[in-house]
Amino acid sequence: MKALIVVDIQNDFCEGGSLAVREGSQIIPTVNQLIEKFQESDKLAVATQDWHPQNHGSFAANSGGKLGEVGQLHGLPQVWWPEHCVQGTVGSAFHSELLPIPFVVQKGTDPEIDSYSGFFDNGRRKETEMHQLLQKHGIDELYVVGIATDYCVKYTVLDGLHLGYKVNVITDACRGVNLKPTDSEEAFQEMKDQGATLISSEQVLDPAHRL
């Protein structure tokens with residue numbers, strides 16, 4: 001069984017947000033088409049949602065670090081981010097143009113560790129309910145889209161592969177932060193090298209592509 005994983009299409013990661021990713025909202029029409037195809041085929045769609053407490057340690061304002069620089073958070077390398085996706089704020093909400101998705105997995109709720117992946121925190125110390133949810137529905141193959149290619153998409157894909165799922169990354173339905181200009185390109189290559197399949201939305205939306 002196959003599932004669509006929609007990663008972090010939230011206001012703070014789209015234009016006008018506190019951690020806006022270039023062209024973030026431009027993927028939404030394509031993602032909506034994919035959501036519709038999966039739902040019409042009675043396949044599972046799951047959204048991940050960054051859901052940080054106000055005192056989250058990854059925020060530069062809390063760490064005392066400089067935005068975009070890398071420091072240490074409880075023994076792990078940590079990029080210092082602007083405040084984003086704080087629980088209950090407008091910025092943490094899904095973009096208004098994104099179609100509703102019935103299953104939502106929240107992540108990043110522990111102030112002491114960041115959580116890019118939809119499966120685990122960055123140290124794999126705690127697990128979200130994602131794997132349990134997918135197993136409950138008999139899922140063995142994932143299609144992943146969303147924001148950001150070089151962080152939350154990448155780590156969701158890598159953890160999915162680590163857990164034994166077949167993983168497809170729909171590349172034109174992802175957008176990256178790109179602290180360095182090549183970050184997204186390198187992320188796609190890393191995902192491919194680890195066993196993910198890189199495909200286009202056109203391939204998936206083709207009526208001949210069976211889910």
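Two residues are in contact here when heavy atoms of each lie within 4.5 Å. By that rule, and leaving aside neighbours within four places in sequence, G17 is in contact with N11 and D12. The model is a predicted one, in which local features need pLDDT of at least 70, side-chain atom pairs count only at pLDDT 80 or more, and totals for chains, interfaces and linings use all residues. Residues are numbered from 1 along each chain as its sequence is written, and side-chain values use heavy atoms, with hydrogens and water left out.

**The sheet and its helices**

Helices (H or I, at least four residues) and strands (E, at least two) are DSSP runs, numbered from the N terminus. Two strands pair if DSSP finds at least two bridges between them. Strands of a sheet pair through backbone hydrogen bonds, either parallel or antiparallel.

An open sheet is formed by six strands in the order β5-β2-β1-β6-β7-β8, with parallel pairing. Its edge strands, β5 (103–107) and β8 (197–199), each pair on one side only. On average, neighbouring strands of this sheet are turned by 25 degrees against each other, direction ignored. Axes for such angles are lines fitted to C-alpha atoms, for helices over the stretch in contact, and angles run from 0 to 180 degrees between N-to-C directions.

Five bridges hold the parallel pair of β2 (residues 44–50) and β5. Within β5, V105 stands opposite T48. Helix α1 (residues 28–40) packs on the sheet and touches β1 (2–7), β2, β6 (141–147) and β7 (166–175). The direction of α1 makes about 150 degrees with that of β1. Helix α4 (residues 149–162) also packs on the sheet, touching β1, β5, β6 and β7, and its direction makes about 165 degrees with that of β6.

**The hairpin**

Strands β3 (residues 70–73) and β4 (residues 76–79) run antiparallel and are joined by four bridges. They form a hairpin with two residues between them, and H74 in the turn has a positive phi of about 50 degrees. G71 lies in strand β3, and its bridge partner in β4 is Q78. Beyond its neighbours within four places in sequence, G71 is in contact with L76, P77, Q78 and W80.

**The nonpolar core**

Buried means under 20% relative accessible area, exposed over 50%, and partly exposed in between (1.4 Å probe, protein chains only). A nonpolar core is a set of buried Ala, Val, Leu, Ile, Met, Phe, Trp, Tyr and Cys residues joined through side-chain atoms within 4.5 Å.

The largest such core has 58 residues, and those with the most contacts inside it are L4, V31, L134, L142 and V157. At least two residues of this core come from each of β1, α1, β2, α3 (130–136), β6, α4, β7 and α5 (183–193). Helix α4 gives the largest share, six residues. Not counting residues up to four places away in sequence, L134 touches A3, I5, L44, V46, F119, I139, L142 and Y165.

| Residue | Relative accessibility |
|---|---|
| S92 | 1% |
| G71 | 16% |
| C85 | 0% |

S92 is placed in the loop between β4 and β5. Its contacts, apart from neighbours within four places in sequence, are Q10, D12, Q49, D50, W51, C85, V86 and Q87.

**Aromatic pairs**

Rings of Phe, Tyr and Trp (its six-membered ring) pair if their centres lie within 6.5 Å; planes under 30 degrees apart count as stacked, over 60 as edge-to-face and the rest as tilted. The structure holds five aromatic pairs. In one of them, Y116 and Y151 are edge-to-face, at 5.3 Å centre to centre and 70 degrees between the planes. Y116 lies in the loop between β5 and α3 and Y151 in helix α4, so the pair ties together parts that are 35 residues apart in sequence. Both Y116 and Y151 are buried. A cluster linked by ring pairs contains W81, Y116, Y151 and Y155.

**Cysteines**

A disulfide is a pair of cysteine sulfur atoms within 2.5 Å, and the structure holds zero of them. C152 is buried, with a relative accessible area of 7%.
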